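Please keep the sequence and the structure in view while reading.

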Amino acid sequence: MRKYLTLTKILMKSGFQVTDGKSKRWFKLFIYLILFACCLPMLVLLYFGIDSILPLYAQMDQTATILGSMLFFTCMIIFFFSLFLIPSIFYFSSDLEILLALPLKSIHIIAAKFTVCVIYEYLFSFSVLIPTYAAYLHYGGMPMTFLPFGIITLLLIPIFPLVLSTIFTILLMRFVPFFKNRDRFNLISSILLIVVGMSYSLFMNGQNTQDESAILMNIIAGENSLLQFFMKLFPMIPFFARAVVEGSILDLAEGIGICVIALIVFLTLGRFLYFKGAIGSSESTAAHKQMSTKQLQKNSRKRSKTYAYLKKEFKLLLRTPAYFTNCILMIFLFPIIILVTSVLNRGEFTEGFSLSDLLMEVEQIDGFIAYVVFIAMAAGFLFGTLNQISATSLSREGKQYTIMKYIPMSYRDQIHAKMLCGVIGGIVSNLCVALVLALFLPLSWHYYIIYCIVSAITTLIGNTYCMFLDLLKPKLIWEQEVSAVKQNLGAFIATMISMALCFSILFGCFYLPQHLLMPVMIAAVVVMVLIAMLAYILIGKYAEHKMRKL
């Protein structure tokens with residue numbers, strides 16, 4: 001137990017260092033306040049949304065169903081993203097070779113790393129469940145045990161989805177040696193995980209369609225009977241939901257029992273399988289290709305510095321599993337989600353009318369082109385920065401950032417090249433979104449051209465403030481690559497800013513008076529172009545100033 005606690009403390013210290021370790025206390029407090037301010041609008045929106053639908057569910061005697069659905073949403077998000085997080089922490093971290101050489105048992109290593117993963121996920125769990133609990137308390141009628149049982153549920157809910165993803169990773173690494181190579185795991189396993197997630201979504205959608213009559217019968221029956229539909233992947237959810245809302249000690253005990261059994265199974269498997277899967281997992285291979293004289297001359301040909309730097313950045317992103325799954329894969333993830341959602345719901349939305357006729361009528365709406373422009377602006381901020389390439393570009397250098405100081409390339413050009421890498425990723429993501437939308441929304445082709453052009457402008461702006469935040473306080477001290485992305489507070493703040501800008505533009509354009517729509521749209525485009533040009537110039541100057549102080 002002492003070794004486990006000591007190792008957990010060390011891993012938490014190395015993993016939760018959100019600044020460069022030299023920041024003053026007031027600055028750290030300021031960063032946390034900014035983080036809270038970015039999260040506050042979403043927390044408030046979630047609270048009011050749940051508060052508004054609670055009375056309706058209470059009339060059907062399904063009060064615990066809302067809490068069950070929020071627990072299910074929390075578990076699904078944790079499960080899905082931990083499929084990318086677990087391999088990087090358990091197998092591809094830079095501290096693994098040191099840990100394997102120490103007099104530690106496998107159970108000490110996996111238990112400590114698992115504990116750190118659980119603590120990582122508490123931030124998301126708290127942000128979802130605390131507004132949910134607040135809405136239930138405002139509604140009233142909750143038992144005296146609501147808060148203590150709610151806290152226990154809050155602390156235990158990340159365990160089961162993390163156990164599922166960890167067991168899956170351990171079995172994969174132990175019995176499929178093909179995946180023990182970093183580069184192969186990088187290119188194959190992450191894509192397989194996406195396929196698994198999408199397959200499960202398709203399966204659940206089919207099940208919901210087939211069980212419509214069963215759902216109706218459960219609604220009529222009352223007594224929170226809808227909770228049984230959350231048991232298909234996470235069996236502890238109905239027990240925790242009933243325990244919190246109804247004050248059932250027996251349900252709480254059953255939920256805790258499921259989590260304890262899952263932990264025992266995980267630790268038992270890890271004890272016997274982890275070392276054999278971890279040994280050699282941090283190794284990479286080289287192609288060792290023999291080059292002819294012609295190929296050597298071709299590869300040695302002089303190219304521009306920006307092109308060479310871009311090539312280096314993309315190679316780093318593609319070859320490092322943590323960066324590939326959290327940056328490159330995010331470029332294509334949201335277009336894939338939109339595609340799958342469109343395929344699943346196409347029949348429901350088009351039933352009873354012609355979609356092409358409807359779109360022709362929509363295009364005739366006064367100011368429709370303005371709505372397209374505003375949506376493109378919002379998409380540029382959102383899809384153009386969610387890949388976090390620019391927001392983590394300097395942090396990814398880690399302790400090797402000093403190389404940037406003596407290569408024959410100015411700081412301005414290096415930062416511009418890093419930012420250009422993020423801009424290219426954002427533009428590709430928006431192009432994929434446009435192609436997916438064109439498949440299911442056959443609007444006139446010029447609207448999609450406008451979408452791509454306008455979204456590229458806001459993508460440039462978005463990557464500029466992402467780059468600025470990473471320059472402001474880069475996370476250069478980390479032991480594993482995933483920390484540069486997952487525990488990077490600046491990248492998280494950049495994502496929150498992008499989401500806030502996206503929602504603000506969407507809400508603003510739909511509440512604008514009709515006669516102001518076109519003038520505001522024209523003014524917004526001009527302003528965005530000027531901001532993009534100015535930001536590109538200023539980020540170069542700021543980079544030269546900041547890099548000299550690093």
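## Helices and the model

Helices, here DSSP runs of H or I with at least four residues, are numbered from the N terminus. The model is a predicted one, and Tyr122 is found in its helix α5.

## Tyr122 and its surroundings

Tyr122 has a relative accessible area of 18% and therefore counts as buried, since buried means under 20%. Leaving aside residues up to four places away in sequence, Tyr122 touches Leu154, Leu155 and Pro158. Tyr122 and Leu156 are 34 residues apart in sequence, while their C-alpha atoms are 9.6 Å apart in space.

## The nonpolar cores

The largest nonpolar core has 83 residues, and Phe90 and Met236 are those with the most contacts inside it. Helix α5, which covers residues 106–139, gives the most to this core, with 15 residues. When residues up to four places away in sequence are not counted, Met236 touches Cys75, Ile157, Phe160, Pro161, Gly255, Ile258 and Cys259.

A second, separate core has 39 residues, including Ala391, Tyr447, Leu489 and Cys509.

## The second largest pocket

The second largest pocket holds about 530 Å³ of space. It is lined by 22 residues, of which Val372, Ile375, Leu437, Leu441 and Tyr451 are the closest to its centre.

Which helices each supply at least two residues of this lining? They are α15 (355–363), α16 (368–383), α18 (411–440), α19 (445–472) and α21 (489–511), and α16 gives the most, with eight residues. Sorted by class, the lining has 22 nonpolar residues, with no polar and no charged residues.

Terms used. Residues numbered from 1 in each chain as written. Predicted model: local features only at pLDDT ≥ 70, side-chain atom pairs only at ≥ 80, totals over all residues. Heavy atoms only, no water. 1 Å grid on protein atoms, 1.4 Å probe; cavity = no way out; pocket = protein on both sides within 12 Å on 5 of 7 lines; lining within 4 Å. Points joined across faces, edges and corners; volume = space filled by probe spheres on them. Nonpolar A, V, L, I, M, F, W, Y, C, P; charged D, E, K, R; others polar. Core = buried A, V, L, I, M, F, W, Y, C linked by side-chain atoms within 4.5 Å. Buried < 20%, exposed > 50% of the residue type's maximum accessible area, 1.4 Å probe, protein only. Contact = heavy atoms within 4.5 Å.
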